[in-house]
Every structure is written in C-alpha cells, then in structure tokens.
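Reader: Please put the model on screen. I would like to go through it residue by residue and ask about positions and numbers.

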Amino acid sequence: MATEESLDHEELEERIISRRKLLALTAGAGAAGIIGLTPDDAEAARRRRSLKLVETHTGEKLSVVYRVGNKYSRNGLRKINSIMRDWRNDQSRPIDPQVIDYLYSVRRWLGTNKPIKIVSGYRSPATNAMLARKSGGVARNSYHVKGMAIDIKIDGYSVNSIARAAKAMKLGGVGKYNRSGFVHIDSAEYRTWGR
C-alpha cells in the first residue's frame with residue numbers, strides 16, 4: 001500500500017476526499033437529510049474537479065482544475081476551450097460545461113487518472129462541412145459545432161469500456177467508433193449508436 005508521501009497530489013486529494021466521504025456518510029447523514037442534500041451531494045459541493053487532457057493532433061497537454069464545488073473556474077474553462085479548439089483553423093468557442101462534467105464523470109467511473117486524449121472537441125462550421133463531405137459519419141448539424149461534443153480515447157481502455165461507462169450515466173449522447181478507436185460523448189439528450 002502506498003504511503004501518503006508517495007502519492008501524487010491528485011491521488012492524495014482523492015484519498016482525503018474518500019476519508020471525508022466516509023465521515024460524511026456516518027456523521028453527516030442526519031444533518032444532510034434535514035437540509036435536503038444527501039451526503040454525496042454535500043461532498044460533491046466541496047470537491048475540486050480536475051482533468052488531464054492531451055490534444056491528439058497538436059500534442060498539447062493540459063492539467064487543470066475547472067470546477068470547485070458548484071463554481072466553474074473561468075480560467076480553467078478558458079484553458080479547456082483553448083485545448084479543444086478546432087486545430088485545423090485555430091478557431092475556438094466555449095465548450096459546454098455539461099459535456100466537460102460528463103467527461104469528468106466518465107474518468108471517475110473508470111477509476112483512472114490517465115490523461116484523456118481529445119480526438120475532436122470544437123469544430124468550426126467550415127471544418128464540419130468539409131468532414132461531412134468526406135465522410136457519411138459526420139452529422140451536418142454536429143454538436144461539435146455547438147461546443148457540446150467531445151471525441152475521446154484513454155490509453156489502456158477500449159472503446160467498449162469507455163462507452164459502457166458513459167452509457168451507465170445517461171448524461172448525454174454516446175457514440176462508439178470502434179474502427180477509428182474513439183468514443184463520442186455530448187451534452188444533448190441521451191441516445192446511443194455504434195456497435
């Protein structure tokens with residue numbers, strides 16, 4: 001078993017959160033019920049949410065805290081918007097915080113701190129139109145153009161395992177692209193596709 005001295009910052013934080021969660025479940029259950037929050041909700045309100053991202057086309061890397069409790073970090077979201085920009089023409093737009101939270105939830109569900117590889121984040125209308133002309137698998141009205149979709153890979157996890165985690169949460173769309181080796185998630189209504 002690793003000692004606290006040998007853990008990296010995020011692992012130590014997760015261990016501390018787990019200890020606090022146990023205390024909240026035992027000592028805070030009654031109080032949480034009085035104010036209408038479950039102990040998990042109360043814990044989530046204090047939790048720092050962070051992501052490690054790698055843009056597959058540019059090689060850019062980002063480790064960022066983007067949310068603390070219920071408050072999003074403007075600086076963290078700005079950095080995420082930048083790494084998820086359309087790498088073909090350097091255009092960007094705000095990425096929907098709901099799809100970022102979905103990405104965070106998938107990482108947590110899988111129980112990994114490995115970097116998430118971004119295959120596609122935001123796509124400009126011009127890029128999306130070009131890709132739609134080349135491939136029947138690109139929607140003309142793609143959620144990527146709206147900043148509501150992310151295509152991802154995680155080393156050591158199959159398309160099926162990532163998609164299974166995303167489907168379990170039912171937080172938005174989930175598409176499996178086995179041949180290309182990535183999973184699409186979006187913050188629209190729950191639906192699935194791909195084999």
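Reader: In which strand is the place of D186?
Author: This is a predicted model, so local features need pLDDT of at least 70 and side-chain atom pairs count only at pLDDT 80 or more, while totals for chains, interfaces and linings use all residues. Residues are numbered from 1 along each chain as its sequence is written, and side-chain values use heavy atoms, with hydrogens and water left out. Helices (H or I, at least four residues) and strands (E, at least two) are DSSP runs, numbered from the N terminus. On that basis D186 sits in strand β7.

Reader: Is D186 buried or exposed?
Author: Buried means under 20% relative accessible area, exposed over 50%, and partly exposed in between (1.4 Å probe, protein chains only). D186 has 0% relative accessibility, so D186 counts as buried.

Reader: Which side chain does the side chain of D186 join in a polar contact of 2.8 Å?
Author: A polar contact is a pair of N or O atoms within 3.5 Å; within protein, one must be able to donate a hydrogen and the other to accept it, and residues adjacent in sequence count only if both atoms are side-chain atoms. The side chain of D186 also reaches the backbone nitrogen of A188, at 3.0 Å. The side-chain partner at 2.8 Å is H184.

Reader: Which residues does D186 touch, not counting those up to four places away in sequence?
Author: Contact means heavy atoms within 4.5 Å. The residues that D186 touches are V99, Y102, Y143, M148, A149, L171, G172, G173, R191 and W193.

Reader: What is the volume of the largest pocket?
Author: On a 1 Å grid over the protein atoms alone, a cavity is a set of points where a 1.4 Å probe fits but cannot get out, and a pocket is an open set with protein on both sides within 12 Å along at least five of seven lines; lining residues have an atom within 4 Å of a point. Grid points are joined across faces, edges and corners, and a volume is the space filled by probe spheres set on the points. For the largest pocket this comes to about 600 Å³.

Reader: Of the residues that line the largest pocket, which are the closest to its centre?
Author: The lining of the largest pocket has 29 residues. Closest to the centre are R123, G137, V138, D151 and F182.

Reader: How do the residues of that lining divide into nonpolar, polar and charged?
Author: Ala, Val, Leu, Ile, Met, Phe, Trp, Tyr, Cys and Pro count as nonpolar, Asp, Glu, Lys and Arg as charged, and the others, Gly among them, as polar. The division is eleven nonpolar, nine polar and nine charged.

Reader: How far apart in space are G147 and S92, C-alpha to C-alpha?
Author: G147 lies in the loop between α6 and β5 (149-153). G147 is buried because its relative accessible area is 0%, and the residues it touches include R93, P94 and I95. G147 and S92 are 55 residues apart in sequence, and their distance in space is 8.8 Å.

Reader: Which residues of helix α4 are buried?
Author: Helix α4 spans residues 74-83. Its buried residues are covered by elements including β1 (48-55), β2 (61-68), β3 (71-72) and α5 (97-110). They are G76, L77, I80, N81 and I83.

Reader: Which residues does N81 touch, not counting those up to four places away in sequence?
Author: N81 belongs to helix α4. At 15% relative accessibility, N81 counts as buried. N81 touches S92, R93, P94 and I95.

Reader: What is the phi of D90?
Author: D90 is in the loop between α4 and α5, and is exposed because its relative accessible area is 54%. Its phi is positive in a residue other than glycine, near 65°.

Reader: What is the phi of K170?
Author: K170 is found in the loop between α7 (159-169) and β6 (173-177). K170 counts as exposed, at 55% relative accessibility. K170, a residue other than glycine, has a positive phi near 50°.
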